[in-house]
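Hello,

Here is the structure you asked for, with the sequence.

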Amino acid sequence: MNVLILTDFSEVSENASKYALDFLRETPSTISLLNIQDINFNMESSEKLGKKMLLISEKMHAAIENLKNYSTNPEHKFHLNLSLDNLITAVRRCVEEKNIDLIFIGAASQTEHKHPLLGNHAYEIIQKIKCNILAVPGKVHFVDPKRMILPIDYSVLSERKSFQVLRDRNYVKSESLTIVNVNENENYALKKKMIQELWESDSKENMDYRFLNKNAFFNSDFLLEIQDKFDVIVILGKNLSISDKLLNSRYGLFSKICNKLPILILHE
């Protein structure tokens with residue numbers, strides 16, 4: 001698997017990096033660590049610029065050495081990447097050039113940084129980069145996910161291929177899946193059968209399969225309640241309305257409550 005980890009050398013991004021290696025502990029992976037710098041060459045003297053670049057280099061090499069030491073899989077390969085482009089251009093270029101399968105980003109909580117869970121940068125990546133993404137809240141440690149919750153708006157998921165990603169056990173590692181229907185007017189009987197077939201086709205576990213309505217899901221009380229009942233929230237990439245309601249950096253529900261669950265955004 002080709003993996004991209006975004007780092008700004010903060011505790012939150014360091015935690016996401018360790019989470020990534022735990023997630024990939026049994027998966028041979030090429031892991032690219034990307035740091036993005038906003039440097040105005042016209043405003044910096046040569047001496048200051050040289051010191052700044054040296055410091056960045058030292059931090060990047062220290063970060064990659066920490067990952068190598070933390071990894072328990074000899075089939076993990078590591079690469080350093082520094083970009084002076086803007087956020088989206090840098091990430092998109094890295095995703096394309098290195099054929100990235102999964103991006104890990106740190107998700108800062110309100111209590112730590114006084115801004116919404118994902119922050120503007122992480123939310124922008126989720127909205128604009130068509131790659132599987134796992135957003136890891138600060139201080140959250142990896143546990144084998146046994147319970148996943150997947151909110152779905154069927155109105156924009158009319159084709160079977162929208163659910164094919166559920167077959168990929170590299171991403172959807174879980175024993176149970178709870179489907180949340182957020183479009184009450186949709187006749188979802190056929191799609192329920194479709195998802196169940198895709199989910200269970202490669203799995204021998206007994207699945208916990210049930211539906212909730214959108215009013216039960218999109219409220220702060222319920223999202224606080226699920227913190228102890230699930231291990232991961234999964235969002236299908238086409239369901240932009242759901243990510244807006246949950247993750248919007250200013251108006252989403254997770255800008256109002258403290259979320260402890262990793263959020264996995266899956267694209268086809």
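Nine strands make up an open sheet with mixed pairing, in the order 3-2-1-4-5-9-8-6-7. Strand 3 (76–83) and strand 7 (176–181) are its edges, each pairing on one side only. From one strand to the next the twist averages 20°. Please keep in mind that this is a predicted model.

Strand 5 (residues 132–137) and strand 9 (residues 263–266) run antiparallel and are joined by three bridges. Within this pairing, I133 stands opposite I265 of strand 9.

Helix 9 (residues 240–247) lies across strand 6 (147–152), strand 8 and strand 9, and runs at about 140° to strand 8.

Next, the nonpolar cores. The largest has 36 residues, and L4, V91, I103 and I125 have the most contacts inside it. Helix 3 (residues 87–97) gives the most to this core, namely five residues. What does I103 contact, once its neighbours within four places in sequence are left aside? The list is L4, L6, V91, V95, I129, C131, N132, I133 and L134. Another core, of 31 residues, lies apart from the largest one; M1, V3, A16 and F104 are among its members.

K59 belongs to helix 2 (residues 46–70). Its relative accessible area is 39%, so K59 is partly exposed. K59 and D8 are 51 residues apart in sequence, while their C-alpha atoms are 9.5 Å apart in space.

The other is Q227, in the loop between helix 8 (220–225) and strand 8 (232–236). Is Q227 buried or exposed? Its relative accessibility is 8%, and buried means under 20%, so Q227 counts as buried. The side chain of Q227 reaches the backbone nitrogen of K260 at 2.6 Å. Leaving out residues up to four places away in sequence, Q227 touches C258, N259, K260 and L261.

Last, the charged pairs. Side chains of opposite charge can pair when their charged atoms come close. Searching the whole structure gives seven salt bridges. Three of them are described here.

- E14 and K18 meet through their side chains, at 3.8 Å from N to O. Both lie in helix 1 (residues 11–23), four residues apart, or about one turn of the helix. E14 is partly exposed at 40% relative accessibility, and K18 is partly exposed at 33%.
- D144 and R25 form a salt bridge with an N to O distance of 2.6 Å. D144 is in the loop between strand 5 and strand 6, and R25 is in the loop between helix 1 and strand 2, so this pair ties together parts that are 119 residues apart in sequence. D144 counts as partly exposed at 44% relative accessibility, and R25 is partly exposed with a relative accessible area of 30%.
- K229 and E225 meet in a salt bridge at 2.5 Å, N to O. K229 is partly exposed at 43% relative accessibility, and E225 is partly exposed at 39%.

Regards

How values were computed:
Residues are numbered from 1 along each chain as its sequence is written. This is a predicted model: local features need pLDDT of at least 70, side-chain atom pairs count only at pLDDT 80 or more; totals for chains, interfaces and linings use all residues. Side-chain values use heavy atoms; hydrogens and water are left out. A nonpolar core is a set of buried Ala, Val, Leu, Ile, Met, Phe, Trp, Tyr and Cys residues joined through side-chain atoms within 4.5 Å. Buried means under 20% relative accessible area, exposed over 50%, partly exposed in between (1.4 Å probe, protein chains only). Helices (H or I, at least four residues) and strands (E, at least two) are DSSP runs, numbered from the N terminus. Contact means heavy atoms within 4.5 Å. A polar contact is a pair of N or O atoms within 3.5 Å; within protein, one must be able to donate a hydrogen and the other to accept it, and residues adjacent in sequence count only if both atoms are side-chain atoms. Two strands pair if DSSP finds at least two bridges between them. Axes are lines fitted to C-alpha atoms, for helices over the stretch in contact, and angles run from 0 to 180 degrees between N-to-C directions. A salt bridge is a side-chain nitrogen of Lys or Arg within 4 Å of a carboxyl oxygen of Asp or Glu.
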